[in-house]
Amino acid sequence: MSSSRRKKQSDRVSAGDNSVVIGGSVQGSNIVVGNHNTLSNQYKPDFTKIYQYVEDHPKLTPTEKDDVKTELQEVEQEVQKGAQADETFLARRFRNIQRMAPDILDVAVETLKNPISGVATVIQKIAKKMADEAGENK
């Protein structure tokens, strides 16, 4: 066997069915495994954690929990718009949540600050404004 033929064979990577082979860095990449997968660049934050945090909150009355959940539902609908989300609308909702339960606001903002999302910039701006306002009120 010639040396060029051996080189070509040694450059190949072979794996069995349903295997994943990665060569080089995949930092910042998407890896999709399986058959007939579809990808979407739509950012859909998982509000389950936030709603559960509200439900488990020891200091909120059932009425306050309902009010916070209603605000969160409106936030959830607005962030689905991605970069077109209305910053003023979201800021009002976040202020309402902050008045009722500041720690829930922290959980919500941290959950929503996802760099793959177009709405992340809006959320980060609102979080900065609210932090600045909180600093002024002290």
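Predicted model: local features only at pLDDT ≥ 70, side-chain atom pairs only at ≥ 80, totals over all residues.
Let me start with Glu55 and Lys69, which form a salt bridge, that is, a side-chain nitrogen of Lys or Arg within 4 Å of a carboxyl oxygen of Asp or Glu, and here the closest N and O atoms are 2.2 Å apart. Glu55 lies in helix H2, residues 48-56, and Lys69 in helix H3, residues 62-79, so this pair ties together parts that are 14 residues apart in sequence. When I say helix, I mean a DSSP run of H or I with at least four residues, numbered from the N terminus.

Residues are numbered from 1 along each chain as its sequence is written, and side-chain values use heavy atoms, with hydrogens and water left out.

By the salt-bridge rule, the count comes to five. Another of them joins the side chains of Glu74 and Arg93, at 2.4 Å from N to O. Since Glu74 lies in helix H3 and Arg93 in helix H4, residues 87-100, this pair ties together parts that are 19 residues apart in sequence.

How accessible are these residues? Buried means under 20% relative accessible area, exposed over 50%, and partly exposed in between, with a 1.4 Å probe and protein chains only. Glu74 is partly exposed at 27%, whereas Arg93 is buried at 13%, and Glu55, from the pair I began with, is partly exposed at 37%.

Glu78 and Lys81 make a salt bridge as well, with their closest N and O atoms 3.0 Å apart; here Glu78 is buried, at 7% relative accessibility, and Lys81 is partly exposed, at 47%. Salt bridges with shared partners also link Glu71, Glu74 and Arg93 into one network.

Let me turn to helix packing. H2 packs with helix H5, residues 102-112, at an angle of about 170°, and their axes are 9 Å apart; the axes are lines fitted to C-alpha atoms over the stretch in contact, and angles run from 0 to 180 degrees between N-to-C directions. H2 is therefore roughly antiparallel to H5, a term that applies to angles over 145 degrees.

Which residues of H2 and H5 meet? With contact meaning heavy atoms within 4.5 Å, Lys49, Ile50, Tyr53 and Val54 in H2 meet Asp103, Ile104, Val107, Ala108 and Thr111 in H5.

Definitions and conventions:
Helix = DSSP H or I, 4+ residues; strand = E, 2+ residues; numbered from the N terminus. Parallel < 35°, antiparallel > 145°, perpendicular 65-115°, else oblique.
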